[in-house]
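Biologist: I'm new to reading protein models. Could you walk me through this one?

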Amino acid sequence: MTTRWTAVRVLRDRTAGRCLTAVMVSGFGTSALWLASGVWVKDLTGSDGLAALCLLAMWAPTLAGPVLGTLADRYRRQPLLIVLSLSMAALLLTLCAVDGPEELWLLYAVLFVYGAAGTVHDAAESALVAGAVDGSLLGDFNGLRMTAGEGMKLLAPLAGAGLFTAYGGSGVAVLDAASFLAAALVYMSLRVREERPDRAREGGRGATAEGARHLWGDTVLRPLVLAGGVTMLCAGMCGALTYAVVEDLGHSPAYAGVLYAVQGAGSVTVGLLSGPGLRRLGARRFAAYGIALLAVAVALRAVPYDPVAWASAAAIGVGLPAALIAVLTEVQRRTPGPLLGRVTATADTLVYTPNVIGLAAGAVTVGLLGPRAQLSGLGVVLGVTAAVLLAQRPASADRTAARSASDASPA
């Protein structure tokens, strides 16, 4: 295991450092808007339901991930990222016209386009990074990206709330537009060489299906993605039980913020260690050990004792991102460059959609089964998932690696 810090390894690579900067800048604006949009609607209408629709509008386009990801393979990724960033900066400025309930349709429309553009953006960015960043740095980059994302989730909502209080929703929209403009400038500064894609080959239903076939046919990626989907399903159900857990601890609902902060600290830690961990363990074992830790942590949430709740939150923060980082890194390493956009988007859909399903299921079942029984059951399901992933035969993974090595995207 290398003794050099992850941040140093990534930032010394000019392309990796600039890509990470673009992720941080645009992610800051996205996190700020995510909070402010719901508050904005609540302030204008007083409706919790209409406020919740903001999150749905941003998330719904990810269901079309396999189709949207194909767009990331039809164009060169760097120009596409620049165009997407500049377009979103311009589109967000239209939100300055939202001044009452009668203009809410514009907010929802922008959020929907925002979600669709974000799906294409994430797929194109993943493909660009896989082709431009040295392969030995992919695990470090993805871990540091996770760390930066968690940091933005802690800082950006505070900035968004402050701007909303001072200038209203339009102030937050301008902040997000500025973040996309800054990201576009960073993408323009990259020095990468990309071949022009064959658009005739990369278009149509067959192209979308080709990405899904690659993902399903790879005996290493398939179990990783399936394990990631099960993990996020359980994580969603666990997240829906947060306020019930806080109530069992005897605290007010605001105490959930403390647990989220502790969980975020755990995510920062695993992000810094993921590169060395992936090099030492490999993606399969790194993900399995993370899911196993998550299984123990989720089961321990049923214990109504503050120190246990803190330790559980920190362990969840470590275990959950480990599986997600392993999936993304292995997709980048094992997918041919021309397919990487649609394969990444397909994998994201399969992994993250179950999280929303889990949130809905947890909200329904918490009153029927109670949090302790559900948390214990979720711990068992996660433990079985980790065991199945560990039981995957290394020989089959090696055969797939040998078969696909010549097709891997250059790093």
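Modeller: Let's go from the whole chain down to single side chains.

Modeller: This is a predicted model, where local features need pLDDT of at least 70, side-chain atom pairs count only at pLDDT 80 or more, and totals for chains, interfaces and linings use all residues. Residues are numbered from 1 along each chain as its sequence is written, and side-chain values use heavy atoms, with hydrogens and water left out.

Biologist: How many helices and strands does the protein chain have?

Modeller: Helices (H or I, at least four residues) and strands (E, at least two) are DSSP runs, numbered from the N terminus. Here you get 18 helices and zero strands.

Biologist: And what share of the residues counts as buried?

Modeller: Buried means under 20% relative accessible area, exposed over 50%, and partly exposed in between, with a 1.4 Å probe and protein chains only. Of the 411 residues in the protein chain, 51% are buried.

Biologist: Which residues have the most contacts inside the largest nonpolar core?

Modeller: A nonpolar core is a set of buried Ala, Val, Leu, Ile, Met, Phe, Trp, Tyr and Cys residues joined through side-chain atoms within 4.5 Å. The largest has 55 residues, and L92, L95 and L107 have the most contacts inside it. Elements giving it two or more residues include α2 (14–45), α5 (77–93) and α8 (169–188). The top contributor is α6, with 14 residues. There's also a second, separate core of 54 residues, and L221, L259, V298 and A347 are among them.

Biologist: What is L95 in contact with, beyond its neighbours within four places in sequence?

Modeller: Contact means heavy atoms within 4.5 Å. Leaving those neighbours aside, L95 touches W40, L106, L107, V110 and A173.

Biologist: How do I read aromatic pairs?

Modeller: Rings of Phe, Tyr and Trp (its six-membered ring) pair if their centres lie within 6.5 Å; planes under 30 degrees apart are stacked, over 60 edge-to-face, and the rest tilted. The count here is one aromatic pair. The ring centres of Y114 and F180 are 5.7 Å apart and their planes are at 80 degrees, so this pair is edge-to-face. Because Y114 lies in helix α6 and F180 in helix α8, the pair ties together parts 66 residues apart in sequence. Both Y114 and F180 are buried.

Biologist: Last one: is H121 buried or exposed?

Modeller: H121, found in helix α6, has a relative accessible area of 8%, so H121 is buried. Setting aside neighbours within four places in sequence, H121 is in contact with L81, L84, S85 and Y187.
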